[in-house]
Amino acid sequence: MELIIKQEFFNPLFINFTIPNVNRPTFFNITYNSPTVELEGLLFETPWMRCPRSPFQYDINDNNKFHMELSFRGYKFNSQLRMFFSCLSGIDRKISSFLYKNRNYLGLNDNVENLFHKQVRFIRDANSENDSIIKLKLFKSATKTFLTENDNEMDFNKVILPDTRVKAYIKCNGLWYYNGKFGISWKAYKLIVDHQTLPNPENIQNDKSDDKSDDDSEIPHFTFIMDEDNEDNENNTSSDD
């Protein structure tokens with residue numbers, strides 16, 4: 001069982017990158033070494049966030065690979081969203097600092113900011129309004145989908161619909177380099193979907209609760225578990241774009 005980094009105690013200064021001993025490195029492993037814990041990779045639990053749209057296939061030649069977007073809309077009035085946003089911004093600053101300090105070895109110019117894809121991206125939603133999102137990776141063949149009250153498997157594409165509320169357990173293993181750009185990818189290995197934000201929750205079997213509490217143990221929810229042994233090996237040159 002891997003440890004989830006508590007966002008209130010997260011410090012990006014404890015992040016380290018391993019530079020492989022090759023001429024043209026394309027992947028840099030991330031470790032998190034605080035005074036109390038040493039971790040391979042970064043593992044977070046997101047707050048409850050809205051999906052602007054359903055998960056979508058990002059590789060037309062591979063129907064196993066999907067992206068899912070989670071929105072930061074309302075973060076100014078939500079302390080948990082602000083904390084998560086702050087963690088991601090701290091990671092971005094640490095990556096920019098790492099690239100700048102190693103720019104000569106990596107053959108980069110001084111303006112490293114233009115070479116790095118930041119994690120929080122700005123888009124226009126279906127109503128042409130600005131939104132800020134983080135993009136996650138899902139792998140359909142490695143995802144087991146079920147309702148907590150029974151063992152019926154479900155297709156996450158049919159469950160996660162626009163404006164559905166989701167909490168994700170996400171992991172990043174490292175910094176990638178591809179086509180002249182650097183970035184990091186977050187893989188969701190577990191998702192909790194609030195059934196009460198679905199368009200037709202009455203159609204879900206065994207859903208008998210009207211409780212609107214945010215306590216995961218009190219509301220029926222869906223759980224999507226990413227089997228890391230079978231997930232796509234992304235420790236290479238593939239990017240999100």
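Biologist: Quick one on K167: buried or exposed?
Modeller: K167 counts as buried, at 10% relative accessibility. Buried here means under 20% relative accessible area, exposed means over 50%, and partly exposed is in between, using a 1.4 Å probe and protein chains only.

Biologist: And what am I looking at here?
Modeller: This is a predicted model, where local features need pLDDT of at least 70 and side-chain atom pairs count only at pLDDT 80 or more, while totals for chains, interfaces and linings use all residues. Residues are numbered from 1 along each chain as its sequence is written, and side-chain values use heavy atoms, with hydrogens and water left out.

Biologist: How many salt bridges turn up in the whole structure?
Modeller: The search finds 6, counting a side-chain nitrogen of Lys or Arg within 4 Å of a carboxyl oxygen of Asp or Glu.

Biologist: Which residue does K167 meet in one?
Modeller: E45, at 3.4 Å from N to O. K167 lies in strand 11 and E45 in strand 4, so the pair ties together parts that are 122 residues apart in sequence. E45 counts as partly exposed, at 26% relative accessibility.

Biologist: How are you defining strands and helices?
Modeller: They're DSSP runs numbered from the N terminus: helices are H or I with at least four residues, strands are E with at least two.

Biologist: OK, switching to strand 9. Mostly covered or mostly exposed?
Modeller: Strand 9, residues 130–139, is mostly covered, with 9 of its 10 residues buried.

Biologist: What does strand 9 pair with?
Modeller: Strand 7 (residues 65–71) runs antiparallel to strand 9, joined by 7 bridges; F66 stands opposite L138 there. Strand 8 (residues 121–124) is also antiparallel to strand 9, over 4 bridges. Strand 14 (residues 186–194) pairs with strand 9 in the parallel sense over 2 bridges, and K137 stands opposite K187. Two strands pair if DSSP finds at least two bridges between them.

Biologist: Which strand 9 residue is the bridge partner of I123?
Modeller: That's D131. D131 is buried, with a relative accessible area of 6%.

Biologist: What forms a salt bridge with D131?
Modeller: R73 does, with the closest N and O atoms 4.0 Å apart. The pair links distant parts of the chain, 58 residues apart: R73 is in the loop between strand 7 and helix 1, D131 in strand 9. R73 counts as partly exposed, at 43%.

Biologist: And E69, what's its salt-bridge partner?
Modeller: R53, with the closest N and O atoms 3.1 Å apart. R53 lies in the loop between strand 5 and strand 6 and E69 in strand 7, so the pair ties together parts that are 16 residues apart in sequence. E69 is buried at 5%, whereas R53 is partly exposed at 39%.
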